[in-house]
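Please consult the sequence and the structure shown below while reading.

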Amino acid sequence: MALALIQTLAILLNVAWWIIIVQAILSWLIAFNVINMSNDIMRSIWIALDRLTEPLYRPIRRIMPDLGALDLSPMVVLIIIIILQGPGLTALASLLL
């Protein structure tokens, strides 16, 4: 049971990692006008990704200083995911197993 919990948590962290990476790449493509936001499908994808990631970014944005157009909250979330995937899951596994 504990192993299934750890594996599920690892999968969820991996999915969150890829969602953040895709959103970052998509934001760059939108910023450089490679992707047109007047396209309904792209707008829907962008809104969905924003709704998935905003709850992760919001607490970090409250803590971090405002750097203008530079948003470092996705990078901070990715660092937290790396910590949770490595030492965090190892510690949880040693506690549960």
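Which residues does isoleucine 82 touch, not counting residues up to four places away in sequence? Isoleucine 82 touches Trp17 and Pro87, where contact means heavy atoms within 4.5 Å.

## Basis of the model

This is a predicted model, in which local features need pLDDT of at least 70 and side-chain atom pairs count only at pLDDT 80 or more, while totals for chains, interfaces and linings use all residues. Residues are numbered from 1 along each chain as its sequence is written, and side-chain values use heavy atoms, leaving out hydrogens and water.

## Isoleucine 82 and helix 3

Isoleucine 82 lies in helix 3; helices are DSSP runs of H or I with at least four residues, numbered from the N terminus. Its relative accessibility of 45% makes isoleucine 82 partly exposed, a class between buried (under 20% relative accessible area) and exposed (over 50%), with a 1.4 Å probe and protein chains only. The C-alpha atom of isoleucine 82 is separated by 31 Å from that of isoleucine 41, 41 residues apart along the chain.

Ser73, Pro74, Val77, Leu78, Ile81, Leu89 and Ala93 are the buried residues of helix 3, and their cover includes helix 1 and helix 2. At glycine 88, helix 3 bends by about 40 degrees; the bend is the angle between axes fitted to the seven residues ending at a residue and the seven starting there.

## Packing of helix 1 against helix 3

The axes of helix 1 and helix 3 are 10 Å apart, at an angle of about 170 degrees. Such axes are lines fitted to C-alpha atoms over the stretch in contact, with angles from 0 to 180 degrees between N-to-C directions. The two helices, helix 1 and helix 3, are therefore roughly antiparallel, a term for angles over 145 degrees. Among the residues making the contact are Leu13 and Trp17 of helix 1 and Ile81 and Ile82 of helix 3.

## Helix 2

A bend of about 45 degrees occurs in helix 2 at glutamate 54, and proline 55 follows within four residues. Met42, Leu49, Thr53, Tyr57 and Ile60 are buried in helix 2.

The axes of helix 2 and helix 3 come within 9 Å and cross at roughly 110 degrees. Helix 2 is thus roughly perpendicular to helix 3, the term for 65 to 115 degrees.

Conventions:
Parallel < 35°, antiparallel > 145°, perpendicular 65-115°, else oblique.
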